[in-house]
Amino acid sequence: MRKAVADFAAAHRLGSEVCVGLSGGPDSLALTAAAVGAGLDVTALVVDHGLQPGSAQVARTAADAASALGARVEVLPVRVGRRGGLEAAARDARYAALDAARGDRPVLLGHTADDQAETVLLGLARGSGARSIAGMRVWKNPWGRPFLGVRRQQTLAACTELGLAAHHDPHNRDPRFTRVRLRSEVLPLLEDTLHGGVVEALCRTAAGVRADNDALDDWAARVLAECGRDDGLAIGPLLDAPPAIRTRVLRAWLLDNGATEPTHRVISAVADLLDATATADRTQIAVGGDPAVRRVVIRSGDTLTVRLTAR
């Protein structure tokens, strides 16, 4: 694992100073040890979500373990909202805290191959499209995941070998969470039924889909540049584009114009506006906004535009 971190840092030219997102669990604790062992100047960022009794002590214990390994430490208490559900809200709070504390340093995260496989399965089950099936990126500035080729059992073994007492979050064993049931029930059943290799196969699938996505995104960026207008999005270049490119162009344009994360339903509705004969009963599509202002997409001649309307 030390080599995995060293190779990752060299491949992505990270420099010597990095942060590690440390929960105190075996994955992030093994990552902290590996990063220090690889000769990096490590600051462990310990996020205390405050969601369980004793969370401050768990954070302190993780901080002490990182200090003993030779890392600097910052403990980051956060307040978790409820938007999007507990898991999503905790993730949003965690990433915001890590981003605020990192300065200009990259942040290494302890996601493993098992986490990647779970992400791909969730994307498949929810029909979330190729972007979800592609899973997590190894590197997307400032977030790095050196352990996406490492199995969870390896991080557990590393902690045992190093005498590190890892924290095991009760939420990671709570069957109320879909990901927990995938981890404890679905993946073991698939491994047994298909005689092993499922995690590795799902990770290969993610890598292949991600490469395809990158190529399609580059194509869509070129089409979007052709469609650009000061007053909106020109429809003409989209009419000859394949559906996969058209969808990507519309998604990127909506995000650029302040839409909240556009769903498949919203993008499909906006795509319907491209057909001039189909717009009689739907002249505008709501694409998000805030409590005071509502954003809608309308078609005007051969152009799509975003307008703001008061709620």
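## Conventions

Contact denotes heavy atoms within 4.5 Å. Axes are lines fitted to C-alpha atoms, for helices over the stretch in contact, and angles between N-to-C directions run from 0 to 180 degrees. Helices (H or I, at least four residues) and strands (E, at least two) are DSSP runs numbered from the N terminus.

The model is predicted: local features require pLDDT of at least 70 and side-chain atom pairs pLDDT 80 or more, while totals for chains, interfaces and linings use all residues. Residues are numbered from 1 along each chain as its sequence is written, and side-chain values use heavy atoms, with hydrogens and water left out.

## Sheet and packed helices

An open, mixed sheet is formed by six strands in the order E3-E2-E1-E4-E6-E5, where pairing requires at least two DSSP bridges between two strands. Strand E3 (72-77) and strand E5 (139-140) are the edges, each pairing on one side only. Strand E2 (residues 41-48) pairs with E3 in the parallel sense over six bridges, and Val46 stands opposite Val75 in E3.

Helix H3 (residues 55-69) lies across strand E1 (17-22), E2 and E3, at about 170° to E2. Helix H4 (residues 86-101) also packs on the sheet, touching E1, E2, E3 and strand E6 (143-144), and its direction makes about 145° with that of E2.

## Second largest pocket

The lining of the second largest pocket comprises 13 residues, with Met1, Arg2, Ala33, Ala158 and Leu162 nearest the centre. Helix H2 (26-37) and helix H7 (152-162) each supply at least two lining residues.

Methods:
1 Å grid on protein atoms, 1.4 Å probe; cavity = no way out; pocket = protein on both sides within 12 Å on 5 of 7 lines; lining within 4 Å.
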